[in-house]
Amino acid sequence: MFPKDAFPAIGGSDIFSSYKSAMDVTKHGKDMIQTGYDTYKSGIFRVSQLDRWHIIVSGRKYISEIASAPNGVFSTTAALEEILFTKYLLGPTITRNPYHIELVRVNLTRSLSAIFADVKEEIGLAFKDSIPLTEGWTPVVVHRVMTQIVARTSSRVFVGVPLCRNPEYLDLCIKYTLDVSHDRAVLSRFPGFLRPIVGKLTDVSKTIRLTQKHLGPIIEERQRKITEHGPNYPDKPEDFLSWLMDAAEGDERSPRKLTNRIMALNFAAIHTSSVTFTHALFHLAAEPKYLAPLRDEVETIVKEEGWSKTAMSKMHKLDSFLKESLRMNGSAVIMTRKALMDFTFSDGTVIPKGTFISAAATPMHLDDEVYADAGVFNGFRFSGINGQGVKSQLSSTNPDFIRFGHGRHACPGRFFVANELKVMLAYTVLNYDVKMEKEGMRPTNRWAGLSCAPDTKASVMFRRRQT
């Protein structure tokens, strides 16, 4: 793909030692990316993976140039097709005709104020159902419960009431996110010519069929109303399913294809948001000193503004707390792309067509030259920057903060995610006291390859707010 030794390798570079290095990445990926970052700071290096070389860039210059590259040069979709086998697991049209992404970018983002009351209501109801307000301390397995709350809240926006509260449907939404990861590993063991056959036998395929039993009748009823009364029929639900149905063309209007789209959205929304909130809650429970100032901010602004998207945008400490948690916790690399054509950086470095390329995220986010005392959690680190201007908000991106990516291909749903997470955190601090089972001891993150996750079995102690 590129000349031997064009980029320095972390670990071995010949056919045998690179295979060993690829195995090392599965166990020590974070450390290997850190070594590459420290050794070739603001430069480029490569790590071996079982099926390819992976080019890693570091520093603002390379990140900015990838982010601003013209459309058609680097593709997230093409990378996902090879990493997740989306053609077989999410359906070929999900990536070939990703019209849902524009609906996320435009319709969902523009509707954040309109859907705010629904989001807040569902979060409140979901918390009450999942974490009862008790006088004594009660242990809660955080990741499992937050996954349920996020699934329910996202479903309120995606498919509306009452389906968003159907336990069987929500279990299928959560199961789907796990199935994709499991089935991706299964498909990787088969040669390409067998994957179309194996793909039809996966857990994902079964889960989609079961989910369609819930979504199918709703879709068919809405289609009947469109036929009888037109696209703007009376009492038309204002949810993502309606937007999909309005935008879909040809066989994309089928219940099966629409179910695929909704589940693809769930895959993107449920895992990332539940993991992100779990990380933040672990920080809050390990350092309860943040409870009082966060409560004071939320109560003061709600008293002045009421509950609204505008009010949430003024909660700078709340926003900063989530952003700081996201800075400290996340995958070692981000902005993974596949080069669809040769690309030349401004310094003359050439990235050949077909190359997989990412940016080193964790090493940069924990670099003392980028963030003062970068290894220390400072919940209000971002709350005073430029009076908390737009550039320092959780949903903003820049070459120094790339958890949502950066540039024209940054995560299109980050504004919805940020709003959802902020309402969840606001509800938590207003209604509960929290602490770790071992006070002050935050659970250790779990690493698998280049991916970081919170301890999914760890509990946080909850009780009704006492003060």
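This is a predicted model: local features need pLDDT of at least 70, side-chain atom pairs count only at pLDDT 80 or more; totals for chains, interfaces and linings use all residues.
Student: How do α8 and α18 cross, and at roughly what angle?

Tutor: Two packed helices are described by the angle between their axes and the distance between the axes. Axes are lines fitted to C-alpha atoms, for helices over the stretch in contact, with angles from 0 to 180 degrees between N-to-C directions. Helices are DSSP runs (H or I, at least four residues), as are strands (E, at least two), numbered from the N terminus. Here the axes of α8 and α18 come within 12 Å and cross at roughly 125°, so the two helices are oblique to each other.

Student: Which residues make the contact between α8 and α18?

Tutor: Contact means heavy atoms within 4.5 Å. From α8 come Met146, Ile149, Val150, Thr153, Ser154 and Val157, and from α18 come Phe416, Glu420 and Met424. By class they are 6 nonpolar, 2 polar and 1 charged (nonpolar: Ala, Val, Leu, Ile, Met, Phe, Trp, Tyr, Cys and Pro; charged: Asp, Glu, Lys and Arg; polar: the others, Gly among them).

Student: Is Thr153 buried or exposed?

Tutor: Buried means under 20% relative accessible area, exposed over 50%, partly exposed in between (1.4 Å probe, protein chains only). Thr153, in helix α8, has a relative accessible area of 0% and is therefore buried. Beyond its neighbours within four places in sequence, Thr153 touches Val119, Glu122, Ile123 and Glu420.

Student: How do α12 and α13 cross?

Tutor: The axes of α12 (residues 240-247) and α13 (residues 255-286) come within 11 Å, at a crossing angle of roughly 135°. That angle makes α12 oblique to α13, and their crossing is right-handed. Phe240, Leu241, Leu244 and Met245 of α12 meet Leu258, Arg261, Ile262 and Leu265 of α13. These comprise 7 nonpolar, no polar and 1 charged residues.

Student: Which residues have the most contacts inside the largest nonpolar core?

Tutor: A nonpolar core is a set of buried Ala, Val, Leu, Ile, Met, Phe, Trp, Tyr and Cys residues joined through side-chain atoms within 4.5 Å. The largest one has 100 residues, and Phe127, Met146, Phe240, Ile262, Leu284 and Phe462 have the most contacts inside it. Helix α13 gives the largest share of this core, 15 residues. Another core, of 33 residues, lies apart from it and includes Ile44, Ala67, Ala332 and Leu450.

Student: Where does Phe85 lie, and what is its phi?

Tutor: Phe85 is in the loop between α3 (76-83) and α4 (86-89). Its phi is near 55°, positive in a residue other than glycine, and Phe85 is buried at 8% relative accessible area. Ser42, in the loop between α1 (15-39) and β1 (44-49), is not a glycine either, yet has a positive phi of about 60°.

Student: Which peptide bond is cis?

Tutor: The bond from Val161 to Pro162 is cis, with omega near 5°. Pro162 belongs to the loop between α8 (142-158) and α9 (167-187).

Notes. Residues are numbered from 1 along each chain as its sequence is written. Side-chain values use heavy atoms; hydrogens and water are left out. Angles under 35 degrees count as roughly parallel, over 145 as roughly antiparallel, 65 to 115 as roughly perpendicular and the rest as oblique. A crossing is left-handed if the near helix is turned anticlockwise from the far one by less than a right angle, and right-handed if clockwise.
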